[in-house]
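I have opened my notebook for a first look at this structure. Let me show it here, and then my entries follow.

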Amino acid sequence: MRDVHRFLASLVGIFYLTCRLGGATPKSLCRKVLLLEPSSEHALRGHLLTNITVPSASSCSFFCFDTPECFSYNVGPGPDELEFTCELSDSDAAQHPDDLVPRPGFTYQGYENACLTSVPCSSHRACRIGYEDPFRCTCQMNYTGLSCELPKNVKVDVLSAGLDDDVGSDYCNLKVDGTEYCLKMRGHNIAAFYMNGTLIANAAFDTHRDEAAPNNMSYLIDSLPSNTLVLVAVQDSAFVRKSPAAIQSLIALGAVPPVWPNGHRASWFLIGYKGEPRPSWVKQGFADRYQGPSNGTAVFPREGCLPHGNQIEKWCSSP
């Protein structure tokens, strides 16, 4: 392993510049890091990003350079004499000095860490070293968006209550990612969204008293684009006014019998989807008068491509 130590020691103070997409890559996508003094017979514990087997010590260095989340690495003996164990870490000894511990045969290598001397990144954002600022904020694992404000999964919460249900004053919820979209009016309340969680439209239809309300609701549903999340919740009462067109429109979103509230001041909700095939998270619920409220939740992957903590990086959901 002395060759490993000599190799790493030779890199101290050297800048490594990597452009992940080749020579035509914009400067903002390049990474530039300064290697610090390696620590022989030591390794960083408890911050493992990935563990791989490489043909040489230098290969471990290159893997870390090419991994934006990598702050340091340990390199040591591999499965056989011609291979090396390469452990990439998402932290370093500067942030966690007590985690740098003796480990025979291994060498720890860290980089100069600009994240320690600069303004830290905000909530749900992680600092990455070696970029033009000389650091960059990007989103932690489960978040995305320009400010990392969006979970990668869309979360839906729906509640329906009749006027006689014991719910206090909240008789309708149509929430996406914690934001309320229910207009909280008597009858059917509806909110429709693109699959990235962006609102298309929300409306309320007084299907208790207004004769035109069911057909107006049907018209709205039918006008929505395919691949749309549609939330429906009844508030107060919606039993009296109904139409075949409205029933068919709700069925097209995934509703099954009973497609309409069972009686006066009964609750009814639908977490629906316009399009095919129908996702497994589509669901509905209902309860008779005095037996509510009825409520449900759903979680599904957010669709599309979004800024990922900065204006340069993008996160795109899998097709």
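I looked up E41 and found it in strand 3 (residues 39-44); helices (H or I, at least four residues) and strands (E, at least two) are DSSP runs, numbered from the N terminus. This is a predicted model, where local features need pLDDT of at least 70, side-chain atom pairs count only at pLDDT 80 or more, and totals for chains, interfaces and linings use all residues. Residues are numbered from 1 along each chain as its sequence is written, and side-chain values use heavy atoms, with hydrogens and water left out.

Back to E41: its phi is near 60°, a positive value in a residue other than glycine. I noted a relative accessible area of 36% for E41, which makes it partly exposed (buried is under 20%, exposed over 50%, partly exposed in between, with a 1.4 Å probe and protein chains only). E41 and V101 sit 60 residues apart in sequence, and their C-alpha atoms are 8.6 Å apart in space.

Next I checked the loop between strand 19 and strand 20, where Y290 lies. Phi of Y290 is near 75°, again positive in a residue other than glycine, and Y290 counts as exposed at 55% relative accessibility. P293 is found in the loop between strand 19 and strand 20 (294-301), and a cis peptide bond joins G292 and P293, with omega about 10°.

I also looked up P277, in the loop between strand 18 (267-274) and strand 19 (283-287). A cis peptide bond joins E276 and P277, with omega about -5°.
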